[in-house]
There are 2 protein chains.
Amino acid sequence: MNMKNIKLTIQYDGTNYSGWQTQDNAIGIQQVLTEALERVTGEPVNLIGSGRTDKGVHAYGQVANFRTNTRIRPDKLHYWLKPELPDDIQVIESQEVHWDFHARFDAKSKIYLYRIRNTERMHPIDRNYFELVDYPLDIDRMRRASEFLLGEHDFRGFCGILEEGTNPIRDLDRCGIHVRGESIDIEFEAMSFLRNQVRIMVGTLVEVGRGRLEPLDIQRIFQERDRSLAGPTLSGRGLYLMDVRYE
Amino acid sequence: MNMKNIKLTIQYDGTNYSGWQTQDNAIGIQQVLTEALERVTGEPVNLIGSGRTDKGVHAYGQVANFRTNTRIRPDKLHYWLKPELPDDIQVIESQEVHWDFHARFDAKSKIYLYRIRNTERMHPIDRNYFELVDYPLDIDRMRRASEFLLGEHDFRGFCGILEEGTNPIRDLDRCGIHVRGESIDIEFEAMSFLRNQVRIMVGTLVEVGRGRLEPLDIQRIFQERDRSLAGPTLSGRGLYLMDVRYE
């Protein structure tokens, strides 16, 4: 057997998709990629992503892997995929990896970016790529609140409905708030995240920045594990999966 | 009579339109705006734009005017328009102007921006908003060439097919090349431009940056008035109408 395990690094504009997975009326990025891989390899393909991204969420560095008998050189496969993919999805790298590599189970850390435009209105060009926050934000307050998010906590107050048996403990390694003109970029790094966790953490930081919550309320939300105490779930359009790290 | 002349300042993402004017199979921005104004005012509307923009071209500050009997306060009209417009077109300001104001004839200068990403590949998010140039460019050469473009010239070598009787003399006031990371932004200001002029000037500057033309070739193209000596017409997706100035 010369079956190979191939790792792909993927970028996409999530605007027109239901997310990584196909849902309801819209197609998922995973399905579009799988069908393109099946056309290129001539085989059925089981594509394993590092994790789901939601509707409208974008990626600079999503990672997936699949096993194949194809004779196409693994490091050239992404060139073969190009004509088979729509122009809002591109595979920027393909490489052979160890037979046991698993894009989800082996991920050591993920980096997400959330992009806000803090201004009265956005240009239409930005409408699918930023969250608009049209009231003033106190960035210092947001930074103080962000420090309480760091480390290991029970994040049940900061996530959507979890599947039965999901461990709600997560360990947030990094939360950096970068301001440039009207843009506020908030970067998160953790081994993994719960459902909607980034969007709710940002929604909560925005409530702190606006003065509706205090930085110390973050601690109370951890103690009470009560989702209703945290801020709103912001939209997927401001969210980017930047990188998935392995080894 | 209390008929008023109203000036609108308009922003749009041109990706899904045939340009300012309706053409062939796609609808134009002018038509979408006209229909929205007719719904809001309850009258037929003749909307006069400062000039056309081509397919895929975007605007941060397009200007148009129309005359109306509406009793809606002119400075509030853009709020009424908001629910009537798709999310890729927005009117950011409306104001009553002198009865004789004409968005096209009274324009004193226009500012266009052309945006290039000079890199091997673009993220899919950038695909409708930048021109990709995937070979190295010598910015100094481009700047030297740009200086030859300034001032009053017969721009027949740098434009598309002109309508009968169009005066090919134009006076370029400004051509600034701004580099930030992988982005090259080229800004132009003139009282008016010929058809495709900005896209061909940029296509020519890129040929100079690449080494296929010399900065001095700009002078030769002015002398020979021969379109075939200049560079290609770059795509509309990198082009932005930034501002139209009056008085």
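Rings of Phe, Tyr and Trp (its six-membered ring) pair if their centres lie within 6.5 Å. The exercises below use this cut-off on a predicted model.

**Exercise 1.** Find the aromatic cluster that contains A:Phe155, and classify the pair formed by A:Phe158 and A:Phe222.

*Solution.* 
Step 1. A:Phe155, A:Phe158 and A:Phe222 make up one aromatic cluster. Over all chains, the structure has 14 aromatic pairs.
Step 2. The ring centres of A:Phe158 and A:Phe222 are 5.1 Å apart, and their planes meet at 55°, so this pair is tilted. Planes under 30 degrees apart would count as stacked and those over 60 as edge-to-face.
Step 3. A:Phe158 belongs to the loop between β7 (151-154) and β8 (169-180) of chain A, while A:Phe222 belongs to helix α5 (residues 217-224) of chain A; the pair therefore ties together parts that are 64 residues apart in sequence.
Step 4. Both A:Phe158 and A:Phe222 are buried.

**Exercise 2.** Compare the span of helix α1 of chain B with the expected value, and state what its buried residues pack against.

*Solution.* 
Step 1. Helix α1 (residues 29-41) of chain B contains 13 residues.
Step 2. From first C-alpha to last, α1(B) reaches 18 Å, close to the 18 Å expected at 1.5 Å a residue.
Step 3. The buried residues of α1(B) include B:Ile29, B:Val32, B:Leu33, B:Ala36, B:Leu37 and B:Val40.
Step 4. An α-helix has 3.6 residues a turn, so residues three or four places apart point the same way.
Step 5. The buried residues of α1(B) pack against β1 (4-12), β3 (58-68), α2 (77-81) and β4 (89-97) of chain B.
Step 6. After α1(B) comes B:Gly42, with a positive phi near 75°.

**Exercise 3.** Which residue lies over the face of A:Phe130, and which over the face of B:Tyr135?

*Solution.* 
Step 1. A:Arg117 lies over A:Phe130, at 3.9 Å from the ring centre.
Step 2. B:Arg210 lies over B:Tyr135, at 3.5 Å from the ring centre.

**Exercise 4.** What rotation superposes chain A on chain B?

*Solution.* 
Step 1. Chain A superposes on chain B by a rotation of 180° with 0.0 Å of shift along its axis, at an RMSD of 0.0 Å.
Step 2. The two copies are therefore related as by a two-fold rotation axis.
Step 3. Of the interface residues of chain A, 100% are also interface residues in chain B, so the copies meet through the same surface.

Note on methods
Residues are numbered from 1 along each chain as its sequence is written. Chains are lettered from A and ligands numbered from 1 in the order in which they are written. This is a predicted model: local features need pLDDT of at least 70, side-chain atom pairs count only at pLDDT 80 or more; totals for chains, interfaces and linings use all residues. Side-chain values use heavy atoms; hydrogens and water are left out. Helices (H or I, at least four residues) and strands (E, at least two) are DSSP runs, numbered from the N terminus. The expected span of a helix is 1.5 Å times one less than its number of residues. Buried means under 20% relative accessible area, exposed over 50%, partly exposed in between (1.4 Å probe, protein chains only). Contact means heavy atoms within 4.5 Å. A charge sits over a ring if NZ of Lys or CZ of Arg is within 6 Å of the ring centre and within 35 degrees of the ring normal. Copies are superposed by least squares on the C-alpha atoms of residues with pLDDT of at least 70 in both.
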